[in-house]
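Please read the following report alongside the sequence and the coordinates. It takes up strands, cores and aromatic rings in turn.

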Amino acid sequence: MALLQHSQDLAQDTGVSMLICFDHEEIGSESAQGAGSPVMSEAVSRVLGCFDTSDEMLRVTVRKSFLISADVAHAIHPNYPEKHEKNHQPVLNKGTVIKTNQNQRYATNAETGFLLREIARRGDVPVQEFVVRNDCPCGSTIGPIVSGKVGIRTVDLGIPSLSMHSIRETMGCEDVKTNINLFKQFYKDFANLDQSCNF
């Protein structure tokens with residue numbers, strides 16, 4: 001929805017915005033249409049080929065690109081609050097969650113986390129933070145898979161979900177709305193923000 005709205009007025013847009021939906025995320029992403037496939041790198045190469053076919057421009061394009069790996073995030077469960085770090089307890093209807101894991105189960109790092117937080121601040125969109133406890137293993141997302149294979153800067157985020165993967169998985173309606181607003185702000189302002197940063 002956010003990309004469609006953004007595409008209605010591209011007069012000031014100098015970049016290429018894409019949305020890619022992968023299959024087989026829950027079974028490892030290693031398929032012809034999963035995140036482990038060449039779909040993403042081929043899409044970047046083919047789109048770039050319309051403008052420039054040099055290897056150097058491909059490297060520059062990948063370096064300037066940014067991927068939001070959007071999924072869901074574990075909201076704090078009222079019966080198991082000890083499973084979350086004290087200062088990282090996402091709740092429903094309080095905003096999209098930026099997910100960080102130093103073992104790279106999520107691809108967010110200092111730079112990509114900052115950029116998304118700043119996009120949220122500029123759009124007055126609430127975000128929350130989630131860091132997995134050191135003694136609790138966690139799953140992963142397509143973020144580390146795509147960023148590792150393609151080299152694109154990546155942030156992992158998700159809408160908080162209670163009882164993920166159960167038959168009664170629950171999300172907050174407000175989080176869907178604010179997530180759309182976050183993506184609208186991203187499409188609108190990311191290029192300007194990225195250009196103003198000197199990382």
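The report below starts with the basis of the values and then moves from the strands to the side chains.

This is a predicted model, in which local features need pLDDT of at least 70 and side-chain atom pairs count only at pLDDT 80 or more, while totals for chains, interfaces and linings use all residues. Residues are numbered from 1 along each chain as its sequence is written, and side-chain values use heavy atoms, with hydrogens and water left out.

## Strand pairing

Helices (H or I, at least four residues) and strands (E, at least two) are DSSP runs, numbered from the N terminus, and two strands pair if DSSP finds at least two bridges between them.

| Strands | Sense | Bridges |
|---|---|---|
| β1 and β4 | parallel | nine |
| β2 and β3 | parallel | five |
| β2 and β4 | antiparallel | three |
| β4 and β5 | antiparallel | two |

Individual partners can be located within these pairings: His74 stands opposite Ser161 in β4, Lys99 has Asp156 in β4 as its bridge partner, and Leu162 stands opposite Thr170 in β5, a strand of residues 170–171. Ile98, for its part, is bridged to Glu129 in β3. The chain passes from β2 through α4 to β3 in a β-α-β crossover that is right-handed, a term that applies if, with the strands pointing away from the viewer, the path from the first strand over the helix to the second runs clockwise.

Burial is described by relative accessible area, with buried meaning under 20%, exposed over 50% and partly exposed in between (1.4 Å probe, protein chains only). In a regular strand the side chains alternate between the two faces of the sheet. Strand β4 is mostly covered, with nine of its 10 residues buried.

Ser161 lies in β4 and counts as buried because its relative accessibility is 1%. Contact means heavy atoms within 4.5 Å, and, leaving aside neighbours within four places in sequence, Ser161 is in contact with Val72, Ala73, His74, Ala75, Leu92, Glu169, Thr170 and Met171. Ala70, in strand β1, is partly exposed because its relative accessibility is 47%. With residues up to four places away in sequence not counted, Ala70 touches Leu157 and Phe183, and its C-alpha atom is separated by 6.2 Å from that of Asp156, 86 residues apart along the chain.

## Nonpolar cores

A nonpolar core is a set of buried Ala, Val, Leu, Ile, Met, Phe, Trp, Tyr and Cys residues joined through side-chain atoms within 4.5 Å. The largest one has 17 residues, of which Phe66, Ile68, Leu116, Leu182 and Phe186 touch the most other members. At least two residues of this core come from each of β1 (66–74), α4 (110–122), β4 (153–162) and α6 (173–196), and the largest share, six residues, is supplied by α6. Apart from this core lies another, of 10 residues, including Phe22, Val44, Val146 and Val150.

## Aromatic rings and cysteines

Rings of Phe, Tyr and Trp (its six-membered ring) pair if their centres lie within 6.5 Å, and planes under 30 degrees apart count as stacked, over 60 as edge-to-face and the rest as tilted. The structure holds six aromatic pairs. One of them is formed by Phe66 and Phe190, with ring centres 4.8 Å apart and planes at 35 degrees, so the pair is tilted. This pair links distant parts of the chain, Phe66 in strand β1 and Phe190 in helix α6, 124 residues apart. Phe66 is buried at a relative accessible area of 13%, and Phe190 is buried at 10% relative accessibility. Tyr106 and Phe130 form a tilted pair as well, 6.5 Å centre to centre with 55 degrees between the planes, and it links the loop between β2 and α4, where Tyr106 lies, to Phe130 in strand β3, 24 residues apart. Both Tyr106 and Phe130 are buried. Phe66, Phe183, Phe186, Tyr187 and Phe190 form one aromatic cluster.

The structure holds zero disulfides, a disulfide being a pair of cysteine sulfur atoms within 2.5 Å. Cys50 counts as exposed at 64% relative accessibility, and Cys173 counts as exposed at 62%.
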